Amino acid sequence: MSETIPPPIDTSSVFGEILGDDSTKRRRPEPTVVVIFGATGDLTGRKLAPALYNVMLDGALKEPTVIIGVSRGALTKAAFGDKLKPAVTQHSRQPVVPDKWQAFANKLEFVGGEFSDDATYKALGEKIDEGMKKGAKSVVFYLSTPPAVFPIVLEKLHQHKLITRSVQKPGVPGCRVIVEKPFGRDLATARALNEMIGSYVDESQIYRIDHYLGKETVQNILVLRFGNSIFEPIWNRNHIDYVEITASESIGIEGRGAFYEQTGVVRDIIQNHLLQVMSLVTMEVPSSFAADDIRDEKAQVLRSVRSLSLDDVANNCVRGQYRGYRQEQGVAADSQVPTFAAMRLMIDSWRWEGVPFYLRAGKKLAQRLTEVSIHFKAVPLVLFKEEAAGSVLQPAVLTLRIQPHEGISLRFVAKVPGENINVGNVVMNMTYADAFKRPIAEAYERLLLDCMRGDATLFNRRDSVDRAWELIQPVLQVWEATDGVQIYEPDSAGPKGANVMMSRDGRAWRDLKV
Ligand code: BG6
């Protein structure tokens, strides 16, 4: 008689929200006026408008939600909707259908004008008032503009009494400002920006967005670590050999040459996305899941990351640039701006002493892949035939796949069926798509809703941003003062130097599918 394999556990029925302050759990935000500065820009079309459209489709927006675009130029409400529609159609998670689109377009308003012109803010004030009279309770200002215009926008909002300083409480309607990255371009400019914003609004009103923190899989890092008793006891230097964090993109700079020349991969990805992911992987257990308890621990671990000396930059950091970057529009013919960086960081803490963290990020690589791999220590080989054991008995690796094919896999050793004790490596794989059978929302959807309901858990606090700049400052300093970027081929795994850096430690990066 053949035995049947027991069915998998039904994961789809066991949900419960654990992140965020109690008062905000599972609650639709109060009706909000969302004001987007830079409303005709790329980010609004690719991310913000699609996110708002999708949260509307999911029934998360209470009436009356009003979305006011502010930008140069004169557009009617209808023309603003028409301008957004193709981008939303292209980038929306769910299809754009006529009646739903009409419902969304009805929420849109547009204010055209210069950011330095009082008339712009007078018109904006009138539109916000209309929204509040209809019953909106909160106002969110999204600064989706180059940072250079933040000061004038905030100054004018302040002068026109559209923002006022006040301490915000989670779950309570209020007035908040979302600031897009890049948050400054180095430690000094980030500090100045923080000072400047802080002169108009309270820290609790400032939502510094890092969209990686809104990704389901990034949030799951905390749930995996603290929601299972099996991981935390081994999540330390006694059991973990090293950790790899990769953000590999197959796309290039996508026409953003001028921006990228000022930014480069360290400011674009490492200072924010990768250090945030690293802080979630390495932070201590927070005393609760409330915003500041989590943010305290993240800031604390970033403070424990060992500062890089100028020698460390030479020995433990590698920069690369894809062949063809210098021919992109807006890029200097002799540009030294890195489109790839790899670095080795150490954390001086009780938990992580001696465990290297290898970070790499790059564009035009062989594969789109963002993941964290936790490499566990090898077993003592005494039980096994030495000669084979070293190569076959590979240490276990737990991989958190942030994207694509979101999920978690564990590679471990198992006996190959047969008379002899032969062993092989096997991989156990969980994917979100199979386990939960529900679509994964885009990061911006979650983050916009969180800001509307006053939950700052997934936004960056000033101290973390500061510390992250402090950490990469030596890298920027050395790389901007000296040439030496290594050219790598598009669709490759990056410059050779990255492999050399790893092999010096007797290790290799996980493969990118070249
Ligand atoms: C942005 C960077 O923050 O993140 C882009 O500015 C990058 O250069 C993007 O392409 C990657 O985001 P995601 O969500 O596609 O991994």
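This is a predicted model: local features need pLDDT of at least 70, side-chain atom pairs count only at pLDDT 80 or more; totals for chains, interfaces and linings use all residues.
Is Lys156 buried or exposed? Select Lys156 and see.

**Stop 1: Lys156**

Lys156 sits in helix α5, which covers residues 150-159. Its relative accessibility is 10%, so Lys156 counts as buried; the cut-off for buried is under 20%. The side chains of Lys156 and Asp118 make a polar contact at 3.1 Å.

**Stop 2: Lys161**

Move along to Lys161, in the loop between α5 and β5. Lys161 has a relative accessibility of 66%, so it counts as exposed. Check the backbone here. Phi of Lys161 is near 55°, a positive value in a residue that is not glycine.

**Stop 3: the ligand**

Show the ligand next. Which residues are around the ligand? Select Lys181, His211, Tyr212, Lys215, Glu249, Arg256, Asp268, His273, Lys363 and Gln403. This shell divides into one nonpolar, three polar and six charged residues.

- His211: an N or O atom of its side chain is 2.8 Å from an oxygen atom of the ligand.
- Lys215: here a side-chain N or O atom is 2.5 Å from a ligand oxygen atom.
- His273: one of its polar side-chain atoms lies 2.7 Å from an oxygen atom of the ligand.

How much of the ligand does the protein bury? Taken alone, the ligand exposes 390 Å², and the protein buries 81% of that.

**Stop 4: Lys215 over Tyr212**

Keep Lys215 and Tyr212 on screen. Both are among the residues around the ligand. The charged end of Lys215 sits over the ring of Tyr212, 4.9 Å from the ring centre.

Gln276 belongs to helix α8, residues 257-282. With 2% relative accessibility, Gln276 counts as buried.

**Stop 5: two cis peptide bonds**

Go back to Lys181, another residue around the ligand. The peptide bond from Lys181 to Pro182 is cis, with omega near 0°. Pro182 is in the loop between β5 (175-179) and α6 (187-198).

Now select Gln403, also around the ligand. Gln403 is joined to Pro404 by a cis peptide bond, and omega is about -15°. Pro404 lies in the loop between β12 (397-403) and β13 (407-416).

**Stop 6**

Select Ala247 in strand β7, residues 240-248. Ala247 has a relative accessible area of 5% and is buried. Where along the chain is Thr370 relative to Ala247? The two are 123 residues apart, yet their C-alpha atoms are separated by 4.3 Å.

Next, select Glu254, in the loop between β7 and α8. Glu254 is exposed, with a relative accessible area of 57%. Its phi is near 55°, a positive value in a residue other than glycine.

**Stop 6: aromatic pairs**

Colour Phe, Tyr and Trp. How many aromatic pairs does a search of the whole structure find? It finds 15.

Start with Tyr53 and Phe104. Their ring centres are 5.7 Å apart and their planes stand at 85°, so this pair is edge-to-face; that label needs an angle over 60 degrees. Tyr53 lies in helix α1 (residues 42-57), while Phe104 lies in helix α3 (residues 98-107). The pair therefore ties together parts that are 51 residues apart in sequence. Tyr53 and Phe104 are both buried.

Then select Tyr322 and Tyr325. Their ring centres lie 5.7 Å apart with the planes at 80°, so this pair is edge-to-face too. Tyr322 and Tyr325 are both buried.

Select Phe37, Phe115 and Tyr121 together. These residues form one aromatic cluster.

**Stop 7: Arg237 over Trp350**

End at Trp350. Which residue has its charged end over the ring of Trp350? Select Arg237: its charged end sits over that ring, 6.0 Å from the centre.

Terms used. Residues are numbered from 1 along each chain as its sequence is written. Side-chain values use heavy atoms; hydrogens and water are left out. A residue is near a molecule or strand if one of its heavy atoms lies within 4 Å of it. A polar contact is a pair of N or O atoms within 3.5 Å; within protein, one must be able to donate a hydrogen and the other to accept it, and residues adjacent in sequence count only if both atoms are side-chain atoms. Accessible areas come from the Shrake-Rupley method with a 1.4 Å probe; for residues, only the protein chains shown count as cover. Ala, Val, Leu, Ile, Met, Phe, Trp, Tyr, Cys and Pro count as nonpolar, Asp, Glu, Lys and Arg as charged, and the others, Gly among them, as polar. Rings of Phe, Tyr and Trp (its six-membered ring) pair if their centres lie within 6.5 Å; planes under 30 degrees apart count as stacked, over 60 as edge-to-face and the rest as tilted. Helices (H or I, at least four residues) and strands (E, at least two) are DSSP runs, numbered from the N terminus. Buried means under 20% relative accessible area, exposed over 50%, partly exposed in between (1.4 Å probe, protein chains only). A charge sits over a ring if NZ of Lys or CZ of Arg is within 6 Å of the ring centre and within 35 degrees of the ring normal.
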